[in-house]
Amino acid sequence: MGLLDDVKEIFGADTLYEVLGVKKSVRSDLLKKAYRQKSLLCHPDKANEENKEEFTKKFQILCKCYEILCDEEKRKIYDETGSVDDDSFDEKKDWKSFWRTLFPTVTDSQIQDFFDKYHGSEQEREDLKRAYEKTKGDMNKIAECFIGYDVDDEDRLCSLLQKMIDDEEIPEYRAFTKETASSKAKRQKKFAREAKEAEKVKNEMSSLELILKRRAPEGDDFLAALEAKYSKPKKKLARSKK
């Protein structure tokens with residue numbers, strides 16, 4: 001599929017501008033700001049193993065949209081024709097490096113700061129609303145696709161959705177209003193376990209970095225091997241046939 005197909009399927013948008021949440025007349029500085037905000041929400045480094053592929057796909061689409069709209073000539077052609085030359089994209093391009101070139105001062109703490117401000121914001125509310133409508137109120141699916149989901153914050157998110165239902169802003173889906181206690185408990189247990197495992201790996205890697213940096217180059221090679229190990233997706237166990 002081409003970029004416009006991906007834009008429609010992944011973001012449910014009709015234009016590149018919609019993906020970035022801006023108007024067609026947006027200035028270049030505001031376009032860049034919007035791109036930064038949107039890309040932080042699906043940056044691959046913020047993903048866990050289960051949604052790494054999804055985040056990477058969204059991140060690449062956002063980068064491609066911005067690459068076209070930030071180029072005066074490409075943007076003019078797109079505005080006039082509504083089409084995109086998919087052959088112009090380098091399929092081997094490192095989009096994370098492209099992002100770091102544009103925002104070289106962004107650090108992990110700044111990304112976390114962004115999420116701290118995102119929680120409780122109007123943008124979070126709109127993203128949550130969109131996720132609810134897309135999944136027809138299935139909280140298990142919302143937990144997977146909504147970037148702002150936090151197991152410790154689920155009650156607040158559910159309250160936001162219930163308020164929107166009461167105000168007839170969104171439809172009432174049985175999957176949400178009639179969810180069983182066991183389904184909710186199972187989901188929360190799963191995400192709490194994943195968060196704990198992710199924090200454990202994070203702490204282990206931080207400790208290793210402090211030790212191995214003193215043992216270069218052997219330490220660097222060993223650390224690289226460990227990073228490769230932790231970044232590999234978990235293989236699903238095949239079910240035995242009865």
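The structure holds 14 salt bridges. The model is a predicted one, and the bridges described below are drawn from its side-chain geometry.

One of these bridges pairs aspartate 6 with lysine 57, side chain to side chain, at 3.4 Å from N to O. It joins distant parts of the chain: aspartate 6 belongs to helix 1 (residues 3-11), lysine 57 to helix 4, and 51 residues separate them. Aspartate 6 is buried, because its relative accessibility of 7% falls under the 20% limit. Lysine 57 is partly exposed, with a relative accessible area of 33%.

A salt bridge also forms between the side chains of aspartate 155 and lysine 184, at 3.3 Å from N to O. This pair again connects distant parts of the chain, with aspartate 155 in helix 10 (residues 154-166) and lysine 184 in helix 12, 29 residues apart. Lysine 184 is partly exposed, at a relative accessible area of 29%.

Aspartate 167 and lysine 163 make a further side-chain bridge, at 2.6 Å from N to O. Aspartate 167 is partly exposed, with a relative accessible area of 44%. Lysine 163 is partly exposed too, with a value of 48%. Elsewhere, salt bridges link Arg125, Glu126, Lys129 and Glu169 into a network.

The fold is helical. The secondary structure of the chain amounts to 13 helices and zero strands. Of the 242 residues, 33% count as buried. Contacts reach across the sequence: among those between residues at least 6 apart, 65% join residues at least 24 apart.

Helix 4 takes part in two of the helix pairings described here. Helix 3 (residues 28-41) and helix 4 (residues 52-69) have axes 9 Å apart and pack at an angle of about 170°. That angle is over 145 degrees, so the two helices are roughly antiparallel. On the helix 3 side, the contact is made by Leu31, Lys32, Tyr35, Lys38, Ser39 and Leu41. On the helix 4 side, Phe55, Phe59, Leu62, Cys63, Tyr66 and Leu69 meet them. By residue class, this contact has nine nonpolar, one polar and two charged members.

The pairing of helix 4 with helix 5 (residues 72-81) has another geometry. Here the axes come within 6 Å and cross at roughly 100°. The crossing lies between 65 and 115 degrees, and the helices are therefore roughly perpendicular. Glu67, Ile68 and Leu69 of helix 4 meet Lys74, Arg75 and Tyr78 of helix 5. The contact of helix 4 with helix 5 divides into three nonpolar, no polar and three charged residues.

Just after the helix, glycine 82 takes a positive phi of about 75°.

Phenylalanine 55 is buried, because its relative accessible area of 5% is under 20%. Beyond its neighbours within four places in sequence, phenylalanine 55 touches Leu41, Cys42, His43, Pro44, Lys46, Ala47 and Ile147. Histidine 43 lies twelve residues from phenylalanine 55 in sequence, with 6.3 Å between their C-alpha atoms.

With neighbours within four places in sequence set aside, arginine 187 is in contact with Met139, Asn140, Ala143, Tyr149, Glu154 and Glu179.

How values were computed:
Residues numbered from 1 in each chain as written. Predicted model: local features only at pLDDT ≥ 70, side-chain atom pairs only at ≥ 80, totals over all residues. Heavy atoms only, no water. Axes fitted to C-alpha atoms, helices over the stretch in contact; angles between N-to-C directions. Helix = DSSP H or I, 4+ residues; strand = E, 2+ residues; numbered from the N terminus. Parallel < 35°, antiparallel > 145°, perpendicular 65-115°, else oblique. Contact = heavy atoms within 4.5 Å. Nonpolar A, V, L, I, M, F, W, Y, C, P; charged D, E, K, R; others polar. Salt bridge = Lys/Arg side-chain N within 4 Å of Asp/Glu carboxyl O. Buried < 20%, exposed > 50% of the residue type's maximum accessible area, 1.4 Å probe, protein only.
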